[in-house]
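I opened my notebook to look at how the pieces of this fold pack together.

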Amino acid sequence: MKIAFISQKGSVLKTTLGRGLATEAVKNDISVKVCDFDTEQGSFTHWHMRRLDTNLRQIDSVESYKDLKKAIAASKGYDLTIFDTAGRANKLNLDIAKCADYVILPTATGYDDLEPNVRFAHKLAKSIDPKKMIFVFTLVRTQASLEAAQEYVGDAGFEYLPESIRSKE
């Protein structure tokens, strides 16, 4: 199975969500390959390197990629492949979405985050089944902002997880 974490915006917890999924998967004896496409930041890759110095259960493989074909070839034989992408809507992220079984679209609840992510989801929906996409609301500050975001995404025709990640503030 291939799961992509994609967002038009950065700093919406794409990597954090991917780390959580990878960690839980290996705890359940699911082999995991992570393809980190954010080569400028490499947050997933650097996290993995720090984790190697601990006694925690290790993710099977985490590598940085610029080339999707190479990443797909390297992911053969793993139960789960996680694509962690840079925060932008570009051709690479569109291609990653096309090959993924599921696309997770993390977004904050403010309009400046929601609007570009919904636009990107509409663009994706021209190339992939919208049922493969799901929004996850992150950095939620208030119940009212969450409800407004849910309404906005729902009215746009997209699904979202009922659970959200609250802001620490």
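Which residue in strand 7 is the bridge partner of F137? I looked it up, and the partner is S164.

A note on the source: this is a predicted model, where local features need pLDDT of at least 70, side-chain atom pairs count only at pLDDT 80 or more, and totals for chains, interfaces and linings use all residues. Residues are numbered from 1 along each chain as its sequence is written, and side-chain values use heavy atoms, with hydrogens and water left out.

Next, the sheet. I found an open sheet of seven strands in the order 3-2-4-1-5-6-7, with parallel pairing (strands are DSSP runs of E, at least two residues, and helices runs of H or I, at least four, numbered from the N terminus; two strands pair if DSSP finds at least two bridges between them). Strand 3 (61-64) and strand 7 (160-166) are the edges, each pairing on one side only. Strand 6 (residues 133-140) is joined to strand 7 by three bridges, and the two run parallel.

Then I turned to the helices. The axes of helix 5 (residues 111-125) and helix 6 (residues 143-155) come within 11 Å and cross at roughly 15° (axes are lines fitted to C-alpha atoms, for helices over the stretch in contact, with angles from 0 to 180 degrees between N-to-C directions). Helix 5 and helix 6 are therefore roughly parallel to each other, a label for angles under 35 degrees. Y111, L114, E115 and V118 of helix 5 make the contact with A149, Y152 and V153 of helix 6 (contact means heavy atoms within 4.5 Å).

Technical notes:
Angles under 35 degrees count as roughly parallel, over 145 as roughly antiparallel, 65 to 115 as roughly perpendicular and the rest as oblique.
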